[in-house]
Amino acid sequence: MSGIELIELDARELAHPEPLERSLEIMRRLDATKALHLVIHRFPKPLLLIAERHGLAYEACEKREGEWHILIAKKGCCDLKTELERHCRV
């Protein structure tokens, strides 16, 4: 992402509710220069609903079974779809 810092969080091995808690902590720190790259074992619908309510945008893809890649950032700050395609090779 040009000019955007990716904050990486691999939550596949974390026990509930740690993935949600850590993601929310990072999301509170996002600004126009940062995005969260979350790797998780399933589609995190509750987290993404919270992100939308807080003015954040996201793109998601399942690279392989049990490996979801999610990018979350402030709406309009960057092209999440293009960046996610690089991670997922879709």
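Leaving aside residues up to four places away in sequence, Leu20 touches Leu47 and Ile50, where contact means heavy atoms within 4.5 Å. Before you start: this is a predicted model, where local features need pLDDT of at least 70 and side-chain atom pairs count only at pLDDT 80 or more, while totals for chains, interfaces and linings use all residues. Residues are numbered from 1 along each chain as its sequence is written, and side-chain values use heavy atoms, with hydrogens and water left out.

**Exercise 1.** Find where Leu20 lies, and decide whether Leu20 is buried, partly exposed or exposed.

*Solution.* Start with the element: Leu20 lies in helix H1. Helices are DSSP runs of H or I with at least four residues, strands are runs of E with at least two, and both are numbered from the N terminus. Next, the surface: the relative accessible area of Leu20 is 31%, so Leu20 is partly exposed (buried is under 20%, exposed over 50%, partly exposed in between, with a 1.4 Å probe and protein chains only).

**Exercise 2.** Describe how H1 packs with H2.

*Solution.* First, recall that two packed helices are described by the angle between their axes and the distance between the axes. Here H1 (residues 18–29) and H2 (residues 45–53) pack at about 20°, with axes 11 Å apart. Now list who makes the contact: Leu20, Ser23, Leu24 and Met27 from H1, with Leu47, Ile50 and Ala51 from H2. Sorted by type, the contact has 6 nonpolar residues, 1 polar and no charged.

**Exercise 3.** Work out which peptide bond is cis, and where its proline sits.

*Solution.* Most peptide bonds are trans. The bond from His16 to Pro17, though, is cis, with omega near 5°. As for the place, Pro17 is in the loop between strand E1 (5–10) and H1.

**Exercise 4.** Classify the ring pair of Phe43 and Trp68, then say what it ties together.

*Solution.* Take the geometry first: the centres of Phe43 and Trp68 are 5.2 Å apart and the planes 65° apart, an edge-to-face pair. Rings of Phe, Tyr and Trp (its six-membered ring) pair with centres within 6.5 Å, and planes under 30 degrees apart are stacked, over 60 edge-to-face, the rest tilted. Then the places: Phe43 is in the loop between strand E2 (34–40) and H2, and Trp68 is in strand E4 (residues 67–74), so the pair ties together parts 25 residues apart in sequence.

Definitions and conventions
Axes fitted to C-alpha atoms, helices over the stretch in contact; angles between N-to-C directions. Nonpolar A, V, L, I, M, F, W, Y, C, P; charged D, E, K, R; others polar.
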